[in-house]
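Here is a short briefing to read alongside the structure. Have the viewer open, and follow the topics one by one.

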Amino acid sequence: MRILLAFGMGLLTLARAQEFEAASVKPAAPPTAGMMRVMTQGGPGTPDPTRINFSNTSLKDVMVRAYDVKRSQIIGPDWLDSQRFDITATMAPGTTKEQFQVMLQKLLADRFGLTLHRDKKEMAAFVLTVSKKGLKMKESPDPAVKDGDPKPEDTPPPPPMPGKMQMGKDGIPQMPTRGRGMPMMMFMPGRARTKAEGATMDQLTKQLEGLLNRPVVDQTGLKGKYDYDLTFAPDMVTMFGGRGPMMMGPPPGGAGGGGGGGGEAHPEIKDDNEAPPLPVAVQEQLGLKLDSHKTMVDVLVIDHLEKVPSEN
């Protein structure tokens, strides 16, 4: 009897370990004044490992973290990018990345009825290599951790983004960094900028895939961590189903849509300050080259997904 009871308690503990201690999922409020702030913070491996705070996030972005795949590997309904949600959750200290992923998968299944299957599909892709003129990104080695310094898991979460940012001479706000390996993105009419410190090539590749909406295969051979500051002309039709994160102000040609990263709407960028397309900017500013080709890609195909989550 005691053995059966202990076994039952073990199964109950295991089941609980696969769920968040508490979770809230709500549809995000509509943008105000043509501005929307998108934020994904927390989780194992971050300065805030026991909780997550996803604001104005799409279900595709949640699936990227839940299944450790790239955006281009997810095939689903058109609204997968456009519907936005606020998700907060807490988990026990010591939760691993793998356990966290199972928790997110269960959250998507319980709250949105997600079911899917895996498949392969031939897709247009990009190969990323170092350009012939050489790498232009600055390598940023990890700072040494000294005795007595706080461990990453003891470090408080990064501060919230400021409500207003100082404008640069090029008409783009001067963005703060979010922490090592955490790229920050901002969109505005006719121009976009992404900035990161201590980012790996895997992190840069995943970001480029989201912006290009196509797989990017890293063949640079670069193993270090890098600082980069990239300015380019965004293709909002290609990126995120026409809705980019952290857009400031209405898109060119009309109001509405878009998002915000805090701050005020900005004036149109002048023609003499026009930004280049993303592939050109990557080569000119980072010293990397994107070449197009086709490849077979493992994909997740969504069979069922509810548009409205069940109640908390």
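Let's start at a helix contact: Leu204, Leu208, Leu211 and Leu212 of helix 4 meet Leu278, Val282 and Leu286 of helix 5. By class, this contact of helix 4 with helix 5 has seven nonpolar residues, no polar and no charged ones. Please keep in mind that the model is predicted. The protein has five helices and twelve strands, and 42% of its 312 residues count as buried. Among the contacts with a separation of 6 or more, 76% are between residues 24 or more positions apart.

**Helix 4 and its surroundings**

- The axes of helix 4 and helix 5 (residues 278-286) are 11 Å apart, and the two helices pack at an angle of about 150°.
- Because angles over 145 degrees count as roughly antiparallel, helix 4 is roughly antiparallel to helix 5.
- Helix 4 spans residues 201-212 and includes Thr205.
- Is Thr205 buried or exposed? Thr205 counts as buried, since its relative accessibility is 3% and the cut-off for buried is under 20%.
- Leaving aside residues up to four places away in sequence, Thr205 touches Leu128, Val216 and Asp218.

**Helix 2 against helix 3**

- On the helix 2 side, the contact is made by Leu59, Val62, Met63, Arg65, Ala66 and Tyr67.
- On the helix 3 side, the residues are Phe100, Gln101, Leu104, Gln105, Leu108 and Phe112.
- Sorted by class, the contact of helix 2 with helix 3 has nine nonpolar, two polar and one charged residues.

**Salt bridges**

- How many salt bridges does the count come to? The count comes to 13 salt bridges.
- One of them joins the side chains of Arg71 and Asp61, with an N to O distance of 2.4 Å.
- Arg71 sits in the loop between helix 2 and strand 4, while Asp61 belongs to helix 2, so this pair ties together parts that are ten residues apart in sequence.
- The relative accessible area of Arg71 is 8%, so Arg71 is buried, whereas Asp61, at 22% relative accessibility, counts as partly exposed.
- Another salt bridge pairs Lys120 with Asp298, and their closest N and O atoms are 2.4 Å apart.
- That pair links distant parts of the chain: Lys120 is in strand 6 (residues 115-130) and Asp298 is in strand 12 (residues 288-304), 178 residues apart.
- Lys120 is exposed, with a relative accessible area of 53%, and Asp298 counts as partly exposed at 43% relative accessibility.
- The side chains of Lys289 and Asp291 also meet in a salt bridge, at 3.9 Å from N to O.
- Lys289 is partly exposed, with a relative accessible area of 32%, and Asp291 is partly exposed, with a relative accessible area of 32%.

- Strands in the order 7-11-9-8 form an open sheet of four strands, and the pairing is antiparallel.
- Which strands are the edge strands? They are strand 7 (138-139) and strand 8 (184-188), each of which pairs on one side only.
- Two bridges connect strand 7 to strand 11 (residues 226-232), and the two strands pair in the antiparallel sense.
- Look for Glu139 here: its bridge partner in strand 11 is Tyr226.

**A loop glycine**

- Gly76 is found in the loop between strand 4 (74-75) and strand 5 (84-90).
- With a relative accessible area of 36%, Gly76 is partly exposed.
- In sequence, Gly76 and Leu300 are 224 residues apart, yet their C-alpha atoms are 8.4 Å apart in space.

Notes: Residues are numbered from 1 along each chain as its sequence is written. This is a predicted model: local features need pLDDT of at least 70, side-chain atom pairs count only at pLDDT 80 or more; totals for chains, interfaces and linings use all residues. Side-chain values use heavy atoms; hydrogens and water are left out. Contact means heavy atoms within 4.5 Å. Ala, Val, Leu, Ile, Met, Phe, Trp, Tyr, Cys and Pro count as nonpolar, Asp, Glu, Lys and Arg as charged, and the others, Gly among them, as polar. Buried means under 20% relative accessible area, exposed over 50%, partly exposed in between (1.4 Å probe, protein chains only). Two strands pair if DSSP finds at least two bridges between them. A salt bridge is a side-chain nitrogen of Lys or Arg within 4 Å of a carboxyl oxygen of Asp or Glu. Axes are lines fitted to C-alpha atoms, for helices over the stretch in contact, and angles run from 0 to 180 degrees between N-to-C directions. Angles under 35 degrees count as roughly parallel, over 145 as roughly antiparallel, 65 to 115 as roughly perpendicular and the rest as oblique.
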